[in-house]
Amino acid sequence: MYRPTLDPLADSLALSAVAAGLPIVTLFLLLGVARVRAWLAALGALAVALLVSITVYSMPVGQAMLTASQGATFALFPLVWTFGTAIWIYRMTVTSGHFDVLRRSFARVSDDQHVQALVIAFCFGSLLEGLAGQGTPVAITTVMLVALGFSAMKAATVALVANTVPAAFGPLGLPITTLARVTDLPAGDLGAMAGRQVPVIALFIPLLLVGMVGGRRGLRGTWHVAAACGVSFALAQFVTSNYLSFALADIVAGLVGAVVVAVTARVWPPRRDGNQAIGAAAAGESTRVEPTAVAGGPAGGASRVLDLTSRTEVAANRPDPSIEVWRAYAPYLVIVAIFGLSQVPAIADMLNAVTVNFNWPGLHLLTGSGVPSSLPVFRFNWLSSTGTLLLLAGLVTMAILRIRPRAACAAYGQTLASLRWAILTVCGLLALAFVMNGSGQTMTLGSWMAGAGGVFALLSPVLGWLGVALTGSDTSSNSLFGGLQVTAAQRAGLDPVLLAAANASGGVVGKMISLQNLTIAASSVGLNGREGELFRRMFGWSVVLICAMALLVGLQATPALTWMVP
């Protein structure tokens, strides 16, 4: 049995924290400074984490390798299973030509790319996060934006920024319920507190998205639509999380926001001057993402690529038949319906009845307090997992779009082939996270930050931010640091509900720099190998947003804003 210690290096927590932070520093330097490919950055950071765990933390080599293997397997199931299946559904709609129909339909609502970014990336993405999560919103909304005429890089950056504020409550409140379980605090109070933090940031995300799409000119012409979107989304998220059910916060906010954007854009259309961004679909143009060599593949371009070609078969001035429009929307309606039904208690119990939980063979870990760790427990929820539900949605999509089984299987094979380097990246990243967690490196970092006393109110969201940046999941970050936040709050005389919720709220702005999300966004639109560029574009905004969240939580810990704490 391996039992981690918090201060293995010279009995100093500070020195141990420096050693524990080396894998994260390595990851960021390789990705953001050295500009190496994402899979090399992930494997390099994993190698450093293994070295630190074995030499500094005295973790047995066998236990360290087994921990890494469990993390890599977790990456394959459920993560790769989820976003790979989501991209497969998209490929089938491209093959059938219905993605072009969907593109033209969205363009008829508004041919303005700023409005399209708000409706698809922010509002529809929030709906997907509330139902599915695990990278599904990024995988789906990026390709939808590309089909509407966005460049691949712009689609990826917009989708990543949009997939921030919904993360605290999705899917279906799982991050909050996990936080309640590890902290023994009421889930309702935690959800209400997060609902008084995240919506403040949500007010400004639509304005940021509009600025990313069209710069200052876009803001001047579309600020009123973005403001209406932000206000309606934030109010809906606040009201739902505080007075209805935090599990439905993202779903309700996404739907309300989409309706408000559509109405506002129609009543007060965006102003266009000069080169105002207009979607390619407005003119019925075909949208194509030029094939990008897959990271690590031959330089000559012989490697497989994610070809996102869309074929236009109907003239722009001739509306598509109603039945074809319905078929174009059907895959996404099916996804919403299946995930909605899967949350009905009777159906959820049936799906979970066949879930298998088992200890990872040969892996024996204790927590720092000496009790058996839950990390070696692998949950194989093969029937209720997001990927399986997406597979069911894909089978229904096959029937609706009249795609033959052989063509569907070929599309899945092509999807996996194009994602091979992305899969390696995610496997390396999750192996890194598991090694850092199992060896005690993550807890060392958290305990060192918790020693800041009353100032920890400012650092509390940063801890959640780092957790999500490392694991790619607000749920995982809450399970890692939730208990630590409560302990630190009690030592510093701060409200434990405030700091526990701050972990979830701070984590949302870490999603845009998570290598897991960066890889999903890049691989979805043929940007394999350019994850480092995405990281550099996202990092500055992520830092700005986490500073804003830290300031908000710090003020909520003082008499100035204590009235916001439930």
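In this tour, Ala, Val, Leu, Ile, Met, Phe, Trp, Tyr, Cys and Pro count as nonpolar, Asp, Glu, Lys and Arg as charged, and the others, Gly among them, as polar. The model is predicted, with local features requiring pLDDT of at least 70 and side-chain atom pairs pLDDT 80 or more, while totals for chains, interfaces and linings use all residues. Residues are numbered from 1 along each chain as its sequence is written, and side-chain values use heavy atoms, with hydrogens and water left out.

**First stop: the core**

Select Phe-99, Phe-122, Met-144, Ile-335 and Leu-432, the residues with the most contacts inside the largest nonpolar core, which has 178 residues. Such a core is a set of buried Ala, Val, Leu, Ile, Met, Phe, Trp, Tyr and Cys residues joined through side-chain atoms within 4.5 Å; buried means under 20% relative accessible area, exposed over 50%, and partly exposed in between (1.4 Å probe, protein chains only). Next, colour helix 4 (residues 61-96), which supplies the largest share of this core, 13 residues. Helices (H or I, at least four residues) are DSSP runs numbered from the N terminus.

Centre the view on Ile-335. Beyond its neighbours within four places in sequence, Ile-335 is in contact (heavy atoms within 4.5 Å) with Ile-89, Leu-128, Ile-140, Leu-390 and Ala-393.

**Second stop: the second largest pocket**

A pocket is an open set of points on a 1 Å grid over the protein atoms alone, with protein on both sides within 12 Å along at least five of seven lines; in a cavity, a 1.4 Å probe fits but cannot get out, and lining residues have an atom within 4 Å of a point. Points are joined across faces, edges and corners, and a volume is the space filled by probe spheres set on them.

The second largest pocket holds about 340 Å³. Select Phe-106, Val-119, Phe-124, Leu-127 and Tyr-329, the closest to its centre of 16 lining residues. Helix 6 gives the most to this lining, with five residues. By class, the pocket lining has 15 nonpolar, one polar and no charged residues.

The whole structure has two cavities of 30 Å³ or more. For the largest, of about 50 Å³, select Phe-106, Val-109, Ser-110, Val-115, Gln-116, Val-119 and Ile-120. Helix 5 (98-109) and helix 6 (113-131) each give two or more residues to this lining.

Finally, select Ala-121, Gly-125, Pro-137, Thr-141, Ala-159, Ala-162 and Asn-163, which line the second largest cavity. This lining has four nonpolar, three polar and no charged residues.
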